Amino acid sequence: MRKYKFSVEDIKRLLKQIVILVDSREKRNGHISDYFEKNGIAYQKTKLDYGDYSFMIPASAAGEDIYFHRDCVVERKASLEELSGNLAQERERFEKEFLKAGNDGAKIYLMVESPGGYSDIIAHRYKTEFAHAAYMASLKTWEHRFGCNVQFISPEYSGYYIYSTFVYFAREMLK
């Protein structure tokens, strides 16, 4: 992970120029792109090696393009059912993605669009056969094994969560 040393004024200017990178395979994210457009947040579709979202600061703002796609990503799951499938049926593929990110030293934020979160898992308020105890065990193992931050959020706040995660990550990296 590359470190930078910008002044406070430069950091404020650079943070206003962040471009969100959206993985080209990301589907059904209109609520997120709508948030970006409504709030004047630049974004572009591109192929990411892992994660669904990352960011960069363009050369016009920084003198050279500064990419963070190997430093910080948000992996989005649209529901507990989708996450359940990744932890059960697609576990090997899902694990390879997290291992690849870990090998790069990337920080992964696992954003699950399900505001009930752990309460819904424990009460088995999701539509899969994945037992709640196994679900919880898999998710907690994932957090510890890959050092990922799991955030349950209402879909209406997903765009804000993605953007603010990247702004504050960049702020710390640019100091």
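A residue counts as buried when its relative accessible area is under 20%. Keep that cut-off in mind as we walk through this structure, which is a predicted model.

Let's start with K77, which sits in strand β5. Its relative accessible area is 4%, so K77 is buried. What does the side chain of K77 make a polar contact with? The partner is the side chain of E75, at 2.9 Å. Setting aside its neighbours within four places in sequence, K77 also touches quite a list of residues: E82, L83, N86, F94, L110, M111, V112 and E113.

Two of those names, L83 and N86, take us to our next stop, helix α4, which covers residues 80-87. The buried ones are L80, L83, S84, G85, N86 and L87. And what does the covering? The cover includes β5, α5, β6, α6, α7 and β7.

Helix α5 takes in residues 91-104, and its axis comes within 6 Å of the axis of α4, with the two crossing at roughly 90 degrees. Because of that angle, α4 counts as roughly perpendicular to α5. On the α4 side, the contact is made by L83, N86 and L87, while α5 brings R91, R93 and F94. Sorted by class, that contact has 3 nonpolar, 1 polar and 2 charged residues.

Staying in helix α5, we find E95. Is E95 buried or partly exposed? With a relative accessible area of 24%, E95 is partly exposed. Not counting residues up to four places away in sequence, E95 touches W142, R145 and F146. The C-alpha atom of K140, 45 residues from E95 along the chain, is separated from that of E95 by 14 Å.

Finally, have a look at the strands β6 and β7. They pair in the parallel sense over 4 bridges. In one of the pairings, Y109 has N149 of β7 as its bridge partner. In a regular strand, side chains alternate between the two faces of the sheet. In β7, V150 and F152 make up the covered face, whereas N149 and Q151 lie on the uncovered one.

How values were computed
Residues are numbered from 1 along each chain as its sequence is written. This is a predicted model: local features need pLDDT of at least 70, side-chain atom pairs count only at pLDDT 80 or more; totals for chains, interfaces and linings use all residues. Side-chain values use heavy atoms; hydrogens and water are left out. Axes are lines fitted to C-alpha atoms, for helices over the stretch in contact, and angles run from 0 to 180 degrees between N-to-C directions. Angles under 35 degrees count as roughly parallel, over 145 as roughly antiparallel, 65 to 115 as roughly perpendicular and the rest as oblique. Contact means heavy atoms within 4.5 Å. Ala, Val, Leu, Ile, Met, Phe, Trp, Tyr, Cys and Pro count as nonpolar, Asp, Glu, Lys and Arg as charged, and the others, Gly among them, as polar. Buried means under 20% relative accessible area, exposed over 50%, partly exposed in between (1.4 Å probe, protein chains only). Two strands pair if DSSP finds at least two bridges between them. A polar contact is a pair of N or O atoms within 3.5 Å; within protein, one must be able to donate a hydrogen and the other to accept it, and residues adjacent in sequence count only if both atoms are side-chain atoms.
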